[in-house]
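Good morning, colleagues. Please look at the structure on the screen, and I shall then take you through two of its features.

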Amino acid sequence: MKTAFLLAAALVLAPMAARAADDHAPLRFVLIPKTVHPWFDKVNTGAQAAADLLGKTTGRKVEIEYRAPETADVSSQNDIIERAIATHPDGLILDLLDEKGNHATMLEAVDEKVPMTVFDSLPPEGMDITAVGADFCEQGTIAARRLAELIGEKGEVAIMIGVPTAPNHTRRAECERATFAKYPQIRVVATGIDNDSIETAQKQASAIMQAHPDLAGWVACDAAGPVGIGQAIRESGRTGKVKEVGLDNLNDMIALIRDGVADSSASSRPEMQGYWAVIAAWQRALGQKTPKYIDTGIDVLTKKNI
């Protein structure tokens, strides 16, 4: 993956490296995710890698300030965004908790002429902002189809939604439901809401499995959900009986696959999202036009390839 990053970045950097080197003042971008979470740590790793490469290639230092809300709370995230705007960074890199709830704060950034890039999310309608991430519907559909195959295309299933206001989480849930609806003998009997918390997901999953003893399987809409679900399946002694297809590539998710608690996971490549979000933010800071969307793709993780 690192080699692919370097080759792809070279194509982007070549025509603009000279311009970037003309001004040696550091460029500063503020990265604000939904909440404190290991998935966002991976995004930050990718962002830092991009910053390092840009600095080495152009001779101009690129700094990434990582500011994460303690919980997935829109007011808290907006407060962090507002304080970041007040420092007049060269760009904001955001994962929106609520497209509508974040809109007014984002308009403040527009008024202050602070460029924005979003990742793993979608910008409010009408805003000229590059979005970086995987196709949310495709990711949810992959997970739901794999689960349908695992349970023989029949039985009761449940969905762990994540943050109900987050556009990426809700879109995955919509597409998971639409996929299950194509199977006449599959019925969605419950949905949980974990608000991007592994502990909450574990409690929700335990309660749902107690209420639905015939539950055949699970899918999720965020990275925390499937880890909590897997913990609940293991703690209830239902490994192998209740099937799970997860999302993303957290270490705990990979461990659940290796241990046979989960079958697989559809990963949206968080490191790559952080990397290309910085590349897009850097281009915008230099006055370059950027694409409407950068699709980072999806990896399907199984025992065979982890």
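I begin with E108, which sits in helix α5 (residues 103–111); helices are DSSP runs of H or I with at least four residues, strands are runs of E with at least two, and both are numbered from the N terminus. This is a predicted model, in which local features need pLDDT of at least 70, side-chain atom pairs count only at pLDDT 80 or more, and totals for chains, interfaces and linings use all residues. Residues are numbered from 1 along each chain as its sequence is written, and side-chain values use heavy atoms, leaving out hydrogens and water.

E108 has a relative accessible area of 33%, so it is partly exposed; buried means under 20%, exposed over 50%, and partly exposed in between, with a 1.4 Å probe and protein chains only.

I turn now to the aromatic residues. The structure holds three aromatic pairs, meaning ring centres within 6.5 Å, with planes under 30 degrees apart stacked, over 60 edge-to-face and the rest tilted. One of them, W39 with F40, is edge-to-face at 5.1 Å centre to centre and 90 degrees between the planes. F40 also pairs edge-to-face with F119, at 6.3 Å and 75 degrees. This second pair links helix α3 (residues 38–58) to strand β4 (residues 116–119), its partners 79 residues apart. F119 is buried, at 0% relative accessible area.

Key: Rings of Phe, Tyr and Trp (its six-membered ring) pair if their centres lie within 6.5 Å; planes under 30 degrees apart count as stacked, over 60 as edge-to-face and the rest as tilted.
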